[in-house]
Amino acid sequence: MALEDEVRRWNGFAKALRIDDKEAFDALMDACRSYASAGSNATQPILFEPMVMSVLLFQQKRLQKLEKELDATKQRSSQS
Amino acid sequence: MQPNSAPASPKRVSGWIFDVYPSNPGEMVVWVIGENGERFRLTDRFQPKIYISGKQDDIERLASSFFSSRLIASWNFAFKYAHPTDAEKTRVLEVTLKDCRRISAFTSSILKTGDYLRYEIHNCDLHGDRTYLFSHDIFPLAHVEVETCTEGLWYTLLDSVKSTDYLVPSLRVMKLSIDIAKKGKLSNFNDPLSKIMVEQAGKQLTIDSGGEGEKLLQLARTVKEYDPDVVLTAGGDSYLFPYLIHRAAVNDVLDSFVLSRDNVPFVPKVAGGRTFFSYGRTFYRASTTRLFGRVHIDECNTFALSECGFEGLIEVARMCRMPLHTSSRASIGSSMSSMQFYQAIKDDVLIPRNKSISEAFKSAYELLVGDRGGFVYEPRVGIHDDVGEVDFASMYPSLMVKNNISAETVLCKCCPDSRLRIPELNYHICEKRTGIVPKTLEFVVAKRLLYKRLREEAQDAALKEVYDRRQAALKWILVTCFGYLGYRNAKFGTVDGHIGVCAFGREAFLKAARMAENKKFAIVHGIVDSLWLKKENATVEDYRDLCGEISSEIGVPLNFEGRYKWIVFLPSKVHPRIGVLNRYYGVMENGKVKVRGVEVRRRDTSRFVYDAQMEMINVLAKADNSQEFFRRIPEALKVVRDYRSRLLDGDVPVWDLIVTRHLSKHPGKYKQRVSQVIAAEQLTREGAEVHAGKNVRFLFTDAENKRYDRRVRAEQLIERGVNADTKKYLLLLYASAASLLGFAGYTAESVYDAVRGYNHKSLIQYPIC
């Protein structure tokens, strides 16, 4: 609930984005939603802080996943 | 009051307490079902005690004025815990009143004398019947031996509330229903009675001859002859009895129209029902109709009976020491209070008139930290194989017992340095004494566990069912005990304790989740006290071992509910990439289908949509794993196609299309003309009473018509020639299919395309993050 209010607070920002940027923005907001419980457990008075942390975490997981895939590709190509 | 059909009361009776109620001033009537099957009416003297606390000279001055009061039988001073938080007993005034029905009049006069400040009155809002049961340490359907002495009745209890293997006398149950010769589209109180149907022990009788007055008198004679213990009606409180009483008054036979065992005629009703608000929903409850010496149970106004049958109702009545009439209608909250009051009286703790323990002051930050619910792990959307479910058994009640959470123990005055602390908020909890709430709950938690064990051990199917219903009745008490702790009128409730239970709950839950992860289980979803865990090739033994370890570490039993062949966690309708809690369906290895949060679980789903979605789920349930699930989707869509054809061919009866919606406020107070309001207005125009909190059943006739009255038709007003809005029902059908298959990329439109034979939209598998 509180998260949706905060997302709504950024409506003006989102409105001004180009369509491809808007899609990326929505994906970021979904990243925040998927860590909503952890965010709530952090009990931070400023909601934006757990949101930023959620986005960082999401990005970090993405990076780790890509790195793993890259390593696997490198290994495959060195073997062949 | 004179007995209607009972034999003269003997000197000594062995049997079961059936009904208790006050009759003449200072007198209580007790009905006992004898071991030989006879029903006895016994009378006992009973004068309730209430307590007054305040400054010593104030209460002494008050006592000196009592000689002029006609309500008081006697008074003296006693030592009690005046407030639940008190560590020591204080001297209070104990007043014995002549009549339990005058307690509230006496209470108001004392409060007024003390300008509502000087005196505090305790134990003043207990019902006479319950105080009587408490004071004699007996309970409804207790097996007793009663002796009539000069001082009153003397009970020897041959039974115990703790007993799990008690005998219940066979009760004679009469089903009563009526038929009204309605003149308009809807029946009302001015329509005459057409016939009365009674059914008892397989015998059916229809009373339809003679004038209306004669029919009513014949009913009274039949009831006297059949002598049922329980009169079962559907809508007896809200309609059937008020109507019969009104008709008896119109026909001038009210004085002879006696259905009670005691010779007490009905009193025409003046009080209406009440509408109340609980957990975000508005409810309506009609005022009750009591039969003296028999128990009237209204199937539409009973929680215990509808949830857990007669066995459950009797269990609640025994445990909570509430007469059957009250316990059948009681909310779980009042059952809970009744148990706490009994415990308080046993412990010499006085029951405050108003809740007097206030919430501790909290800063905004403390509120942010403390005022939270249980923890949730967002579900990983999509279909999963190899998922097992584990649940904490009665988590909150067990934590309340384990951590001694009660109004008088959280932030107690006696042990500020206690080692027992609420996590995060760091509030201390009493170490010196056990609170009233945990004392009450301990016994319920233990008894429920015992019933569950007996259920598993029982060989006989009927006995299994009995134990199951009894444990279900106790489950409801346990489910609500946590919420009740935070209720503003709960006398032994505390918001700080309520917050504390959540904090203990989160701590235990997160600890359990971490332990599971350390054992290489992935957490697919978690809600407050249940976890869905996934580990490839994990055996049932692995799950059981994990449960055992967590249970002993945390001190609350964690049960392994079973493993799923596959389970689908559905996404949010608004954000299709995000999962929402409690929207899933899956099939367990034992074949049990578990569905939450979709149309089949909703109250406002029509039979047609329910059947279609259930059939789809059953088709998908044949799949043994996720790959097979996907292969079965076309078959599931065929179900939609079949239902579509049936609807278009006019093969679906109108009754299967009825939708039920809830009125959360009076129809006149809605700003929007939503469907249920239109239907409610149609009913009101025909003279029916529609209250906030009631359900309205209607048919969509033309959902998009500009003239709103044509959009729906109330169920009671459906006549020949009324047609359903096929388009609306087709849309509901497609939406129900899409909500099951939404995780695979289906929308209502793509279901429509698939059903019409167009290409399926490609299935989108969401990545699991």
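Q: How much of chain B is made up of buried residues?
A: Buried residues make up 40% of the 769 residues in chain B. Here a residue is buried if 20 or more other C-beta atoms lie within 10 Å of its own, exposed if 12 or fewer, and partly exposed in between, with C-beta atoms placed from the backbone. Keep in mind that this is a predicted model, where local features need pLDDT of at least 70, side-chain atom pairs count only at pLDDT 80 or more, and totals for chains, interfaces and linings use all residues. Residues are numbered from 1 along each chain as its sequence is written, while chains are lettered from A and ligands numbered from 1 in the order in which they are written.

Q: OK, and how many helices and strands does chain B have?
A: Chain B has 19 helices and 27 strands. Those are DSSP runs numbered from the N terminus: helices are H or I with at least four residues, strands are E with at least two.

Q: Why can we call chain B as compact as a globular protein of that length?
A: Because its radius of gyration is 30 Å, close to the 27 Å that the globule rule gives for 769 residues. That radius is taken over C-alpha atoms, and the rule is 2.2 Å times the number of residues to the power 0.38. Along its principal axes, the C-alpha trace of chain B spans about 90 × 75 × 55 Å.

Q: Which domains is chain B divided into?
A: Domain 1 (49-125), domain 2 (173-293), domain 3 (306-361 + 415-493), domain 4 (375-405 + 500-597), domain 5 (598-652 + 729-756) and domain 6 (654-723). The bounds come from an automatic or database domain assignment. The centres of domain 2 and domain 4 of chain B, taken over C-alpha atoms, are separated by 49 Å.

Q: New topic: what's the strand order in that open sheet of 3 strands?
A: In chain B the order is β25-β26-β27, with antiparallel pairing. Two strands pair if DSSP finds at least two bridges between them. β25 (659-662) and β27 (712-714) of chain B stand at the edges with a single partner strand each, so one side of each has no neighbour in the sheet.

Q: Which helix packs on the sheet?
A: Helix α17 (residues 675-685) of chain B does, touching β25, β26 and β27 of chain B, and its direction makes about 45° with that of β27(B). Axes are lines fitted to C-alpha atoms, for helices over the stretch in contact, and angles run from 0 to 180 degrees between N-to-C directions. Being in contact takes two residues whose C-beta atoms, placed from the backbone, lie within 7 Å.

Q: And how many bridges are there between β25(B) and β26?
A: They pair over 4 bridges, in the antiparallel sense, with β26 covering residues 695-700 of chain B. In β26(B), Arg697(B) is the bridge partner of Thr660(B).

Q: What about strand β16, which residues point which way?
A: In β16 (residues 295-298) of chain B, Val295(B) and Ile297(B) point one way, His296(B) and Asp298(B) the other way, and all are buried. Strand β13 (residues 230-233) of chain B runs parallel to β16(B), joined by 4 bridges. His296(B) in β16(B) stands opposite Val231(B).

Q: At what angle do α6 and α8 cross?
A: Helix α6 (residues 304-320) and helix α8 (residues 332-346) of chain B cross at roughly 35°, and their axes come within 8 Å. The contact is made by Val316(B), Met319(B) and Cys320(B) of α6(B) with Ser335(B), Ser338(B) and Met339(B) of α8(B).

Q: Back to loops. Where's Asp115(B)?
A: Asp115(B) is in the loop between α2 (103-113) and β7 (120-122) of chain B. Asp115(B) has a positive phi of about 50° although it is not a glycine.

Q: Is Asp115(B) buried or exposed?
A: Asp115(B) counts as exposed, with 8 C-beta neighbours inside 10 Å.

Q: Last one: how many residues of chain A are in contact with chain B?
A: 10 residues of chain A are in contact with 12 residues of chain B. On chain A's side, α3 (19-34) and α4 (36-41) each supply at least two residues. The largest share, 4 residues, comes from α4(A).
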